[in-house]
Amino acid sequence: MISMLTEDNIRRRLLTVTSLAADYCTVCENATEMEKEEFIDRMLDLLPRIYWEFFDISADDVVALEDFDYFSSYVDEDYYESIRRHIEALLGPDDTFLETFEEDMKYSDTPIAASIAESLADIFQPMFDFISMVKDTDGDKIVEAYIHAKDDFQSYWSQTLCNVFRALNKLKYSPS
């Protein structure tokens with residue numbers, strides 16, 4: 001597939017991705033200050049847009065802009081756990097959902113439960129890493145940061161995002 005994105009368009013799109021990632025991280029970090037319904041609404045707004053931006057911008061489009069090196073994570077285990085626990089506390093008993101895409105599911109006679117909070121924290125980590133790298137380099141490493149997050153998106157968190165979106169949608173629109 002031949003991309004129709006120019007370098008200026010790509011950089012504009014990467015700024016949009018950065019803004020979405022920052023919004024997502026802010027919502028996760030402020031979960032304790034939100035009502036459950038507001039948190040769910042914000043996630044249902046952000047998650048599909050994040051998915052689209054990481055799906056739609058090809059790694060080939062951005063690789064051509066500059067060389068890059070991988071970087072280490074900005075999120076340590078304590079910070080990850082703090083985010084996860086705060087979201088879990090907000091959602092309470094609604095934090096658990098049945099995971100149908102779990103690899104072990106095909107070998108199990110019983111349903112496998114997953115955590116919305118853990119899934120959102122799993123997405124938080126690459127989003128926080130992305131915006132931290134952009135911020136720490138005054139935007140000079142936006143392409144590197146995007147490539148790293150895009151690799152992680154393709155490897156694992158795209159499926160996580162789809163699964164948790166489905167669970168949040170069920171919380172929003174299923175009768176209590």
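Predicted model: local features only at pLDDT ≥ 70, side-chain atom pairs only at ≥ 80, totals over all residues.
The expected span of a helix is 1.5 Å times one less than its number of residues. The protein has 176 residues, and 44% of them count as buried.

**Overall layout**
- You get 6 helices and 2 strands in the secondary structure.
- Reading from the N terminus, the order is α-α-α-α-β-β-α-α.
- Take the contacts with a separation of 6 or more: 79% of them come from residues 24 or more positions apart.

**Helix H1 by itself**
- H1 covers residues 7-29, and its 23 residues should span 33 Å at 1.5 Å a residue; the end C-alpha atoms sit 33 Å apart, so the two agree.
- Buried residues in H1 include Ile 10, Leu 14, Ala 21 and Cys 25.
- Arg 13 and Thr 18 are also on the buried list.
- An α-helix has 3.6 residues a turn, so residues three or four places apart point the same way.

**H1 against H2**
- H2 spans residues 36-56, and H1 packs on it at about 150°, with 10 Å between the axes.
- That angle is over 145 degrees, which makes the pair roughly antiparallel.
- Their crossing is left-handed.
- On the H1 side, the contact residues include Arg 13, Val 17, Leu 20, Tyr 24 and Val 27, and these five are buried too.
- On the H2 side, Phe 39, Met 43, Leu 46, Ile 50 and Trp 52 are among the residues they meet.
- Sorted by type, the contact has 12 nonpolar, 1 polar and 6 charged residues.

Definitions and conventions: Residues numbered from 1 in each chain as written. Heavy atoms only, no water. Helix = DSSP H or I, 4+ residues; strand = E, 2+ residues; numbered from the N terminus. Buried < 20%, exposed > 50% of the residue type's maximum accessible area, 1.4 Å probe, protein only. Axes fitted to C-alpha atoms, helices over the stretch in contact; angles between N-to-C directions. Parallel < 35°, antiparallel > 145°, perpendicular 65-115°, else oblique. Left-handed = near helix turned anticlockwise from the far one by under 90°. Contact = heavy atoms within 4.5 Å. Nonpolar A, V, L, I, M, F, W, Y, C, P; charged D, E, K, R; others polar.
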